[in-house]
Amino acid sequence: MQYGLMGTGLMGLPLAERLLAAELPLIIYNRTPEKAAVLVDVGAVLAAQPSDVLLSAECIFLMLTDGAAIESLLLTPESRSALPGRTIIQMGTIAPEESREFQITIAKAGGSYLECPVLGSIPEAQTGQLLLMVGSTPEQFTTWNPLLSHFGPNPRYIGPVGTAMALKLALNQLIAGLTSTFALSLGFVQQQGVEVQQFMDILRQSALYAPTFDKKLQRMLDRNFANPNFPVKHLAKDVGLFLQESHRMNLNDSTLTTLAEILQQTIAAGLANRDYSALFDTVVPPS
């Protein structure tokens with residue numbers, strides 16, 4: 001079987017490398033071909049158009065920025081005509097309703113669709129240790145589970161399309177919440193004259209501790225937000241998607257609304273492409 005992948009950015013690149021390392025034939029597409037050159041060097045075939053991927057591959061992975069990007073590549077007249085008999089595995093983070101709409105549209109065109117958002121970042125993608133959440137039919141999960149296991153050791157079936165994407169958004173809003181509240185506490189103790197090491201020693205021994213705190217601690221202390229695994233703009237996008245859903249469900253999401261504003265302020269400060277720990281600069285402005 002021939003496989004395809006569209007989107008060779010921060011996460012798409014290591015996913016493609018995992019497939020190639022397993023000696024699976026892979027055709028790829030990226031809007032900026034230069035970003036996919038490293039994959040060509042290790043055996044991938046670079047397509048000139050998205051429709052070329054669909055014409056060549058029976059199973060296509062998507063790791064694209066958002067629903068608009070998926071629509072622009074997958075639902076053009078040229079791409080639609082190549083969808084019959086193709087399976088689309090959508091791995092980027094989009095709204096649950098968007099995912100369900102793509103399932104319906106692709107099914108009408110003669111293709112098959114399932115969602116598989118992931119938790120983890122570049123290091124986990126490189127080592128095949130991502131947490132995979134699958135929204136599909138049980139039959140699709142059984143069929144594609146061995147392939148998905150190249151990316152993570154235990155893909156988990158969540159339910160029909162839309163449920164895995166909802167779970168992914170629920171987890172990503174925790175990223176925003178944990179990071180911002182940690183940034184606030186860290187800045188507070190620093191300015192109150194408490195040694196950061198004492199703060200962390202107590203925190204690590206408590207039920208309040210989350211491993212992400214240590215992952216982001218040094219970045220915040222150094223205010224070094226380069227080489228992101230997950231940039232500010234992507235977290236802001238996911239928080240916005242969560243808020244759309246929570247508004248519809250009449251949840252009191254006022255705390256997350258404030259975090260969304262903090263993320264937008266961070267983007268406005270020119271940090272959109274930096275690691276999401278850069279929100280520390282907004283919560284604790286440099287003196």
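**Reading the model**

Analyst: At 30% relative accessibility, R223 counts as partly exposed; buried means under 20% relative accessible area, exposed over 50%, and partly exposed in between (1.4 Å probe, protein chains only). The model is predicted, so local features need pLDDT of at least 70 and side-chain atom pairs count only at pLDDT 80 or more, while totals for chains, interfaces and linings use all residues. Residues are numbered from 1 along each chain as its sequence is written, and side-chain values use heavy atoms, with hydrogens and water left out.

User: Where does R223 lie?

Analyst: R223 belongs to the loop between α11 and α12. Such element names refer to DSSP runs numbered from the N terminus: helices are H or I runs of at least four residues, and strands are E runs of at least two. As for the backbone, most residues other than glycine have a negative phi. R223 is not a glycine, yet its phi is positive, at about 50 degrees.

User: Which loop holds N250, and is N250 buried or exposed?

Analyst: The loop between α12 and α13 holds N250. N250 has a relative accessible area of 70% and is therefore exposed. N250, too, has a positive phi, of about 60 degrees, although it is not a glycine.

User: How should I read the packing of two helices, and at what angle do α10 and α11 cross?

Analyst: One compares their axes, which are lines fitted to C-alpha atoms, for helices over the stretch in contact, with angles from 0 to 180 degrees between N-to-C directions. The axes of α10 and α11 come within 12 Å and cross at roughly 170 degrees. α10 is therefore roughly antiparallel to α11; angles under 35 degrees count as roughly parallel, over 145 as roughly antiparallel, 65 to 115 as roughly perpendicular and the rest as oblique. Contact means heavy atoms within 4.5 Å. By that criterion, V196, M200, L203 and R204 of α10 meet F213, D214, L217 and L221 of α11.

User: Which residues of α11 are buried?

Analyst: T212, F213, K216, L217, R219 and M220 are buried in α11. The elements that cover them include α9, α10 and α14.

User: What is a nonpolar core, and how many residues has the largest one?

Analyst: A nonpolar core is a set of buried Ala, Val, Leu, Ile, Met, Phe, Trp, Tyr and Cys residues joined through side-chain atoms within 4.5 Å. The largest one here has 36 residues, and F182, L186, M200, L235 and V239 have the most contacts inside it. At least two residues of this core come from each of α9 (163-191), α10 (196-204), α11 (211-222), α12 (232-248), α13 (254-271) and α14 (279-283). Another core, of 31 residues, lies apart from it; L15, M63, V134 and F141 are among its members. Returning to L235, and not counting residues up to four places away in sequence, one finds that L235 touches N172, I175, A176, F230, L263 and Y276.

User: How are paired strands to be read, and how many bridges join strand β1 to β2?

Analyst: Two strands pair if DSSP finds at least two bridges between them. Strand β1 (residues 3-6) runs parallel to β2, and four bridges join them; L5 has I28 as its bridge partner in β2. β2 also pairs in the parallel sense with strand β3 (residues 45-46), over two bridges, and there I27 stands opposite V45. In strand β2 (residues 26-29), L26 and I28 point one way and I27 and Y29 the other way, and all are buried.

User: What unit do β1, helix α1 and β2 make?

Analyst: With helix α1 (residues 12-21) between them, β1 and β2 make a right-handed β-α-β unit. Right-handed means that, with the strands pointing away from the viewer, the path from the first strand over the helix to the second runs clockwise. A right-handed unit is also made by β5, helix α6 (residues 96-108) and β6. Strands β5 (residues 87-90) and β6 (residues 112-115) pair in the parallel sense over four bridges. A further right-handed unit consists of β8, helix α8 (residues 138-148) and β9, where three bridges join the parallel strands β8 (residues 131-135) and β9 (residues 156-159).
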